[in-house]
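We will walk through some charged pairs, one selection at a time.

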Amino acid sequence: MTGVSIRDLVLEFPAASVRALDGLDLEVAEGSSMAIVGESGSGKSTLASVIGRLQPDSAHIPRGRVLVGEQDVLALSSNDLRVFRRERLAYIAQDPIGSLDPTMRIGRQLQLVLRTIGDDTSTARQTGLLEGMQIAHPERVLRLFPHQISGGMAQRVAIAMAMCRRPRLLIADEPTAALDAQVREEVIRLMFEQARHLGTTILWLSHDLTAVSRWCDEVAVMYAGRVVERGPAGSVFDTPVHPYTRALAHADPSRAARGERLAGIPGTPPLLHGESLGCAFAPRCAFALDECHAIRPEPSSIRHSLCIRTDELVANDREEVSA
Ligand SMILES: Nc1ncnc2c1ncn2[C@@H]1O[C@H](COP(=O)(O)OP(=O)(O)OP(=O)(O)O)[C@@H](O)[C@H]1O
Ligand SMILES: [Mg+2]
């Protein structure tokens, strides 16, 4: 059974004349973890929002299909959509403190989530949830307001609140970008442990290539609103196929390891105003031919790579290895 299946998804912001998703395809197996990586503006957060049909009202979706399990998300009635969000889906945002209600103590917020799902709302249950996230002195933390706890602690609370609902799909949009290195590692570990325990599918949006290869089953690389390559996390950066992934993998890895924005590829990503006619990466691509600017690439059989030269480039790699 499929976790998430997205076909030819197009999303535009007509007022801004921006095409954020330009015919995106993605498959995520149920219970697996998929990282979405790509430079700023590639459309990661927009994609994440559409999966919960949480895109801004200013967005227009002219075509495409989004399936989560057997649910056709874009076709759900508003009532079914509410049930879907409550029972299937959880989000963890980049800014942990901002994702909590500043006016309410942590305990009260946990209690409300537990009540929504008809779960035990007792203090013991709340304490247990915080303990599950390795939070020391949970009784004390329950009495605090979000501004009184650290970013790392707030993110643990946010994960506890997300996972107590036993979501089928967890979407984490750069959940650790605001945390320092040591806390980041711990928060990621806890998030993955909880998800594996519950069989939750993870979609993790990240700039951190090193962490992604360590934790995720698969990686999808986004560029200008499309997935340009996807495959096993271990292989995608070790033996990249698409020229953009090659450039990412060769860009200074220590920067990515520190969780900074991906950098090191000359030029800047395009801002699409409509459908990309050729390959959106062609202007920055070391392998581009004239026709790359005119032919819109379709997924190849190798890692769904969106490059008309995929077979040729992979054959060259093999020759180099055997030479
Ligand atoms: N509400 C909006 N109105 C107009 N344009 C938008 C809106 N939201 C996003 N965009 C545009 O859509 C494109 C994709 O943005 P998105 O936030 O999805 O990228 P991202 O990959 O998440 O970037 P980052 O790594 O910086 O988080 C960008 O060009 C962005 O400016
Ligand atoms: Mg984003």
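## A tour of the salt bridges

Start by selecting Glu275, which is partly exposed at a relative accessible area of 37%. Keep in mind as you look around that this is a predicted model.

Glu275 and Arg296 form a salt bridge, with 3.9 Å between the closest N and O atoms. The two partners are 21 residues apart, and each sits in the loop between H11 and H12. Arg296 has a relative accessible area of 18%, under the 20% limit, so Arg296 counts as buried.

Next, widen the view. Which residues are linked with Glu275 and Arg296 in a network of salt bridges? Select Asp8, Glu12, Arg19, Asp22 and Arg63 to complete the network.

Move on to Glu229 and Arg303, whose side chains meet in a salt bridge at 2.7 Å, N to O. Glu229 belongs to strand E10 (residues 226-232), while Arg303 is in the loop between helix H11 (253-257) and helix H12 (310-322), so this pair ties together parts that are 74 residues apart in sequence. Are these two residues buried or exposed? Both Glu229 and Arg303 are buried.

For the last stop, select Arg309 and Glu312. Their salt bridge has its closest N and O atoms 2.5 Å apart. Arg309 is buried, with a relative accessible area of 14%, whereas Glu312 is partly exposed at 38%.

Definitions and conventions:
Residues numbered from 1 in each chain as written. Chains lettered and ligands numbered in written order. Predicted model: local features only at pLDDT ≥ 70, side-chain atom pairs only at ≥ 80, totals over all residues. Heavy atoms only, no water. Salt bridge = Lys/Arg side-chain N within 4 Å of Asp/Glu carboxyl O. Helix = DSSP H or I, 4+ residues; strand = E, 2+ residues; numbered from the N terminus. Buried < 20%, exposed > 50% of the residue type's maximum accessible area, 1.4 Å probe, protein only.
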